[in-house]
Amino acid sequence: MWAQKLVAHCATLEPEEGSLRIGIVRSFTSELLDPWLKLAAALQGLGIDIYHAPYGLSLQEAEPDSGLVSHAPDVTVLLLDCESVHPAFNAPLVEHDADTQRQVADVVLDRLCSILERFRSQPIGHMVLALLPARIGPALGTFDAQSERSQARWWSDLKGRIAACLRTSMRAASLLDLDELLLDIGRSHFFDRRLWYSARFPFAPRAAFEVATRIVEVGVLTKRPKAKVIALDADNTLWGGIIGEDGIEGIALGPDYPGNCYLDFQRRLLDLEQRGFVLALCSKNNAADVEHVLSSHPHQLIKDHHFVAKRVNWLDKATNLRELADELNLGLSSFVFVDDSAHEIAAVRRLLPEVEAVQMPHEPLDVPTALEHVARLQTLSLTAEDQSKTGMYIAERERRSHKARFGQDAGALGDYLSSLDMRMQVVYDSAAHVGRLAQLTQKTNQFNLTTRRRDEQQLADLIAAQDWLVAHFSLTDIFGDSGIVGLALVRRLDDAAAELDSFLMSCRVIGRTAEQAFLETLLRKLKQEGVRTFFADYLPTSKNGLVADFLPKQGFSRRADGRHERRLDQGPAVSLAAKSPIVVTESNGAPFSRKTD
């Protein structure tokens, strides 16, 4: 098969950067997906190890001693046809009145959620549910949309309820909407009826590749840090043509071809902003020309205020990207760089290999979907912080401007911090924001002592555990609310000792002494609960050198075995009011103690 040849070819281009473990529980044949999964993984620079559960929806795979659990997957996919979920799908839905249809939906939902809960109770990585769409159109044909017994409307409503169950009741779980793929490529290109009726494998080649791609995308998001910034060129990227040569009236941007292609690309960028990615401008150009388009072109959707930072000059793109990273206080691995020039793309890939560089298509028709298969621009959850990210970065720019007014005199930093009127809220063992806490462990690289990653289910288990303390904090000041930006995971070792498993903070609040206020608040709580000796580790990576000396600066001594230790029963009690410009309040947290067998 040509897919296998492509996998072999990808392996010759560059070495694999890790391996992805996939588990598949299925009610139909899934082994024929393997070549497509291997190809999708190879295109992401990953190896792949796939486990197929025994044929049929076997609930034995949700047991601790199952083959699935032993495989220790990063991602588990439940590939199910609806008939296997409940026998109601074997009969025509339209034979029931609206009330009976609702009752059927209730029964199906209860059955499916019960199945999912059994699997979610096991350590099987991120769980993905994929329900096979109907192989033929609705029973009532063209009239279905008008009917009070509409099959399409019933199915859409049920999917919404299934998605709500995953969102509200299960951690690290996603719905892979195969109906969206069906709409994209059409039923005749989605299903292979010959393979379905002869081998119970439903997918035609294009659908098989798209399904595999989306499964691997979930895996990429669990294995690699999520992107944060989309850095965009201007000419032949945000619009067609060159503003310095074609002028504002000559560039392609508007309701007619090819300008409408670039208009749709800008719409998609604004969609990505709603997913929590921020936009930056990185263009070789005259700044005045670009500003003229942003402010005056009648069809320009992305305005100056949509960019959290800009570099419009004649310097090379690598230099500008480094400066953008410094300004935003982010690692370069957080960037996706988009440019039409093959030369610029090649230069960034060579000089800044940690940046994901995407070349814009030459054909305008392909421009609107240029970023659709950039895996790190997908998201598995959406938090309040995600949807207000651009405003948070703009507020940080205002803080820098405010700080500059204080000058460099002795005491200027203290005066600046005091002027911010900062308020910190520390919360203990709350599952209300577990999605955001999981994001922090997965995305935070610079201010992160151990860089241990946790998904939502793992964090929920720690919050419920008697011998763990999960603490997070949010921070506000005169410029706005930075949201939840810090997390600490503490494990009780015995009556008098505990250890710091994780301690991390978003780069957005670095430089405001929040890390010190958070740590001292945490230590004070531990001391009140009888902890006398507190251990911590610094596990160095290529990105967290910022915190290499954090523990010694906070009064920890380095032991012979490399661990750090701080005695809480020695020295005076810490007075936050005397040393911190931050006013701290705490939620009530239940005491935690060593769990007894």
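I call a residue buried under 20% relative accessible area, exposed over 50% and partly exposed in between, with a 1.4 Å probe and protein chains only. By that scale I looked up Arg 194, which at 60% relative accessibility is exposed.

**Basis.** The model is predicted, so I keep in mind that local features need pLDDT of at least 70, that side-chain atom pairs count only at pLDDT 80 or more, and that totals for chains, interfaces and linings use all residues. Residues are numbered from 1 along each chain as its sequence is written, and side-chain values use heavy atoms, with hydrogens and water left out. Helices (H or I, at least four residues) and strands (E, at least two) are DSSP runs, numbered from the N terminus.

**Entry 1, five-stranded sheet.** I traced an open sheet of five strands in the order β2-β1-β3-β4-β5, with parallel pairing. Two strands count as paired if DSSP finds at least two bridges between them. The edges are β2 (47–52) and β5 (173–175); each has a single partner strand, so one side of each is left without a neighbour in the sheet. Neighbouring strands are turned by 20° against each other on average, direction ignored. Axes here are lines fitted to C-alpha atoms, for helices over the stretch in contact, and angles run from 0 to 180 degrees between N-to-C directions.

I then looked at β3 and β4 (residues 126–132), which run parallel and are joined by seven bridges. Leu 80 stands opposite Leu 131 in β4. Helix α2 (residues 34–43) touches β1 (19–26) and β2, and its direction makes about 150° with that of β2. Helix α5 (residues 98–120) touches β1, β3 and β4, and its direction makes about 150° with that of β4.

**Entry 2, strands β15 to β17.** I found β15 (residues 533–536) and β17 (residues 564–567) antiparallel and joined by four bridges. Phe 535 has Glu 565 of β17 as its bridge partner. Strand β16 (residues 557–558) is also antiparallel to β17, with two bridges. Arg 558 stands opposite His 564 in β17. The hairpin of β16 and β17 has five residues between the strands, and in it Gly 562 takes a positive phi near 95°.

Most residues other than glycine have a negative phi, and most peptide bonds are trans. I noted the bond from Tyr 257 to Pro 258, which is cis, with omega near 0°. Pro 258 sits in the loop between α11 (243–246) and α12 (259–274). Ala 72, not a glycine, has a positive phi of about 50°. Ala 72 belongs to the loop between α3 (67–71) and β3 (75–81), and at 41% relative accessibility it is partly exposed. Asp 429 has a positive phi near 50° and lies in the loop between β11 (422–428) and α19 (434–443).

In α13 (residues 287–296) I listed Val 290, Val 293 and Leu 294 as buried. They cover an arc of only 95° around the axis, which puts them on the same side of α13. The arc is that of the directions from the helix axis to the C-beta atoms. On the other side of α13, Ala 288 and Ser 295 are exposed. The buried residues of α13 pack against α11, β7 (278–284) and β8 (307–313).

My criterion is a side-chain nitrogen of Lys or Arg within 4 Å of a carboxyl oxygen of Asp or Glu. A search of the whole structure finds 42 salt bridges. One joins Arg 135 and Glu 83 at 3.6 Å, N to O. Arg 135 lies in the loop between β4 and α6 (151–169) and Glu 83 in helix α4 (residues 82–85), so the pair ties together parts that are 52 residues apart in sequence. Arg 135 is partly exposed at 23%, and Glu 83 is partly exposed at 28%.

I also looked up Asp 192 with Arg 194, a salt bridge at 4.0 Å, N to O. Asp 192 is buried, with a relative accessible area of 16%. Glu 529 and Lys 525 form a salt bridge with the closest N and O atoms 2.9 Å apart, and Lys 525 is buried at 9%.

Definitions and conventions
Contact = heavy atoms within 4.5 Å.
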